Amino acid sequence: MYGYSTAMEPGDVLARIASRLKAVGLSAHAASLAAGKPDALRNLRRAVKKNGRLGINIETLTALAPVLKTSVAWLLEGVGDPASGNLVRVVGRIGAGAEIQPDFEHISPGSLYEIEVPFPVSRDAIGFQVEGDSMWPRYDPGDMIICWPQRTSAEDVIGWEAAVRAADGKRYLKRIQRGATSGTFDLESHNAAPIRGVRIEWAAEIKGVVRSGQWHRK
């Protein structure tokens, strides 16, 4: 991971870095300092000029990506959303054993707070804080699961762990299985009895997990 990439054009990488510097309103020096590498961009430019593709160090791009609110993949090859960052809107809690009865719709524009996560995410990513221990050891209380807000058909997540909202408004983090009755689903836990015959109003694939203690509230 921390070597050099030869699958891209170094001039394009520097151009993408420059565009993100402009977008976030930082100078090259300020971005380098924020990345913990005071001479990163100056050295990167010199190395590219001298060595061409061998000058693109993945370790440097990994440090710069969160500062530039983008992803390493976009800096390196222009892949994905250039404005991905590492901030996630936390919109509520989700039950892994605990029953969560939300008092607001979790896919509304509002949120409880924002957190900083240790990897780039889509701008529209949302987070749920895990409550309860029925999914232990896969998930611990206080873990943050990251999802996209777009509705996913429950049929598409059968056999997978997913965030769901049941017809009674409760949110769960469970493995989804087809129910005995048409239109219903069974919600399975790792160390608790399944919840059977649930009608699901909203489902979302889990795109990432940030362990308790590894995310920071902004």
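A search of the whole structure, which is a predicted model, finds two aromatic pairs. The table sets them side by side.

| Pair | Distance between ring centres | Angle between planes | Kind of pair |
|---|---|---|---|
| Tyr113 and Trp215 | 6.4 Å | 20° | stacked |
| Phe128 and Trp202 | 6.1 Å | 65° | edge-to-face |

The planes of Tyr113 and Trp215 stand at 20°, so this pair is stacked; planes under 30 degrees apart count as such. Tyr113 belongs to strand β2 (residues 113-121), while Trp215 sits in the loop between β10 (208-210) and β11 (216-217), so the pair ties together parts that are 102 residues apart in sequence. Tyr113 and Trp215 are both buried. Tyr113 has a further neighbour: Arg217 lies over the face of its ring, at 3.9 Å from the ring centre.

The planes of Phe128 and Trp202 stand at 65°, so this pair is edge-to-face; the cut-off here is over 60 degrees. Phe128 is part of strand β3 (residues 126-131) and Trp202 is part of strand β9 (residues 200-205), so this pair ties together parts that are 74 residues apart in sequence. Phe128 and Trp202 are both buried.

In soluble globular proteins, nonpolar side chains tend to be buried together. The largest nonpolar core in this model has 19 residues, and those touching the most other members are Ile17, Leu21, Leu41, Ile56, Leu61, Leu68 and Leu75. Two or more residues of this core come from each of the helices α1 (10-24), α2 (28-34), α3 (40-51), α4 and α5 (72-77). Helix α4 supplies the largest share, five residues.

Helix α4 spans residues 58-67, and its buried residues are Ile58, Thr60, Leu61, Leu64, Ala65 and Val67. Viewed down the axis of α4, these buried residues fall within an arc of 165°, so they line one face of the helix. An α-helix has 3.6 residues a turn, so residues three or four places apart point the same way. After α4 comes Lys69, which has a positive phi, near 55°.

Which residues does Ser32 touch, leaving aside those up to four places away in sequence? They are Lys37, Pro38, Asp39, Ala40, Leu41 and Leu64. Among these contacts of Ser32, Leu64 is one of the buried residues of α4, and Leu41 is one of the core residues that touch the most other members. Ser32 itself is found in helix α2. Its relative accessible area is 1%, so Ser32 is buried.

Strand β5 (residues 161-166) pairs with strand β6 (residues 171-178) in the antiparallel sense, over five bridges. Glu161 has Arg175 of β6 as its bridge partner. The two strands form a hairpin with four residues between them, and Gly169 in the turn has a positive phi of about 95°.

Strand β6 also runs antiparallel to strand β7 (residues 185-188), to which four bridges join it. Here the bridge partner of Arg178 is Phe185 in β7. β6 and β7 form a hairpin too, with six residues between them. In this turn Gly183 has a positive phi of about 85°. Strand β6 therefore takes part in the pairing with β5 and in the pairing with β7, where two strands pair if at least two bridges are found between them.

Definitions and conventions
Residues are numbered from 1 along each chain as its sequence is written. This is a predicted model: local features need pLDDT of at least 70, side-chain atom pairs count only at pLDDT 80 or more; totals for chains, interfaces and linings use all residues. Side-chain values use heavy atoms; hydrogens and water are left out. Buried means under 20% relative accessible area, exposed over 50%, partly exposed in between (1.4 Å probe, protein chains only). The arc is that of the directions from the helix axis to the C-beta atoms. A nonpolar core is a set of buried Ala, Val, Leu, Ile, Met, Phe, Trp, Tyr and Cys residues joined through side-chain atoms within 4.5 Å. Rings of Phe, Tyr and Trp (its six-membered ring) pair if their centres lie within 6.5 Å; planes under 30 degrees apart count as stacked, over 60 as edge-to-face and the rest as tilted. A charge sits over a ring if NZ of Lys or CZ of Arg is within 6 Å of the ring centre and within 35 degrees of the ring normal. Contact means heavy atoms within 4.5 Å.
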